[in-house]
Amino acid sequence: MSSVEKKVVCVTGASGYIASWLVKLLLQYGYTVHATVRDPNDEDKVGHLLKLEGAKERLHIFKADLMEEGSFDSAISGCQGVFHTASPVDFNVIDPQVDVIDPAVKGTLNVLSACKRDSSVRRVVLTSSTAAVLFTGQPLEPDVVVDETWFSKPQYCGKYPSMKWYIISKTLAEEVAWKYAKENDVDLVSINPGMILGPMLQPKLNDSSTVILNLVNGAQVYANVALPWVHLQDVAEAHIRAFELPSANGRYCLVESVRHHAEIVGMLHEIYPSLEFPNKCGDDEPLMKTFKFSKDKAKSLGIQYIPFKKGLKDTVEDLKEKKIIRIPDN
């Protein structure tokens, strides 16, 4: 990473899985960071951020709520860049509209409108997802290569029922973000990562790590799904480079590889041969086919992906270190 002019940036939803790592790297690179959380007095939300290197000197915590218009104004004031990561990641919703869709969509518009009002903001980097890319109605076959020109459509977002409302929320949020940016001349770049691997900074277990936890923690079967995966550190780096590089534009899909759960279980067997893992699929259907993602555009950000297998081990070792799972030393 080349030296950067010291800048002030805002990270929304700073206590989250991706955002916490983004704050960590921004502080390491010399940025001053305005970090927004819903409750600055919640130790679980801010404690791990305040312990980061450089936090004492250059981290400022702000209270903001996705559903409150204008609540991001003070945090964004004077910032050259805004990283909008705040959006619910919840695969077990009770009221989809209230729990995930409204915060994702209205929250994105509230943040973008705050950016529009502050003349210091030169670029907004939106944390989107491959959820907003994959669900077009086109079959996903081994010879298919997904790229940044794909946009999900809500009517096709029910392929994974447990993730349906999250997928719809990310799809609608990115849709309104691009519309707002075009109509209001906001310089917007979106980062669209797959499922995330890697160690957590925040104390609360996130839904992405839970997918791996369930495979290690005594599950009898594995799901018949093939999902795109990427290491958390690559995702955080990509956000920063998308802000720093003048040539960055549009969307960037971040996927190291697409893996079926059967393949993930096989890798876990290799890494932890003394442990038992699920040895059969949860249904009798043919295994879902894998597919590919183009890496061409991500390369323009200088991203050289951390291999999936390392990310898998990083995740499990982190869960072990935090005593979320118990694995005897091999």
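Under the rule used here, this predicted model holds one cavity of 30 Å³ or more. A cavity is a set of points, on a 1 Å grid over the protein atoms alone, where a 1.4 Å probe fits but cannot get out. Grid points are joined across faces, edges and corners, and a volume is the space filled by probe spheres set on the points. Residues are numbered from 1 along each chain as its sequence is written. Local features need pLDDT of at least 70 and side-chain atom pairs count only at pLDDT 80 or more, while totals for chains, interfaces and linings use all residues, and side-chain values use heavy atoms, with hydrogens and water left out.

**First stop: the cavity**

Select His-84, Thr-85, Ala-86, Ser-87, Ala-104, Thr-108, Leu-126, Thr-127, Ser-128, Lys-170, Ala-173 and Glu-174, which line the largest cavity, lining residues being those with an atom within 4 Å of a point. The elements that contribute two or more residues to this lining are α5 (96-117), β5 (123-127) and α7 (164-184), where helices (H or I, at least four residues) and strands (E, at least two) are DSSP runs numbered from the N terminus. The largest share, three residues, comes from α7, and the space in the largest cavity is about 60 Å³. By class, its lining has four nonpolar, six polar and two charged residues; Ala, Val, Leu, Ile, Met, Phe, Trp, Tyr, Cys and Pro count as nonpolar, Asp, Glu, Lys and Arg as charged, and the others, Gly among them, as polar.

Asp-185 has a positive phi of about 55° although it is not a glycine, and with a relative accessible area of 71% it is exposed; buried means under 20% relative accessible area, exposed over 50%, and partly exposed in between (1.4 Å probe, protein chains only).

Now select Ser-162, Met-163, Val-211, Asn-214 and His-261, which lie nearest the centre of the second largest pocket, among its 18 lining residues. A pocket is an open set with protein on both sides within 12 Å along at least five of seven lines, and this one has a volume of about 380 Å³. Helix α8 (residues 207-216) supplies the largest share of the lining, five residues, and by class the lining has twelve nonpolar, five polar and one charged residues. Asn-214 lies in helix α8 and is partly exposed, with a relative accessible area of 43%. From Asn-214, draw a distance to Pro-278: the two are 64 residues apart in sequence and 9.8 Å apart in space, C-alpha to C-alpha.

**Last stop: helix α12**

Select residues 308-321, the 14 residues of helix α12, which at 1.5 Å a residue should span 20 Å, in agreement with end C-alpha atoms 20 Å apart; the expected span is 1.5 Å times one less than the number of residues. Colour Phe-308, Gly-311, Leu-312, Thr-315, Val-316, Asp-318 and Leu-319, the buried residues of α12. Seen down the axis, these buried residues fall within an arc of 160°, so they line one face of the helix, the arc being that of the directions from the helix axis to the C-beta atoms. What covers them includes β8 (195-197), α8, β9 (226-231), β11 (257-260) and α10 (261-271), with contact meaning heavy atoms within 4.5 Å. Finish at Lys-323, in the segment after α12, a residue other than glycine whose phi is positive, near 65°, and which counts as exposed at 60% relative accessibility.
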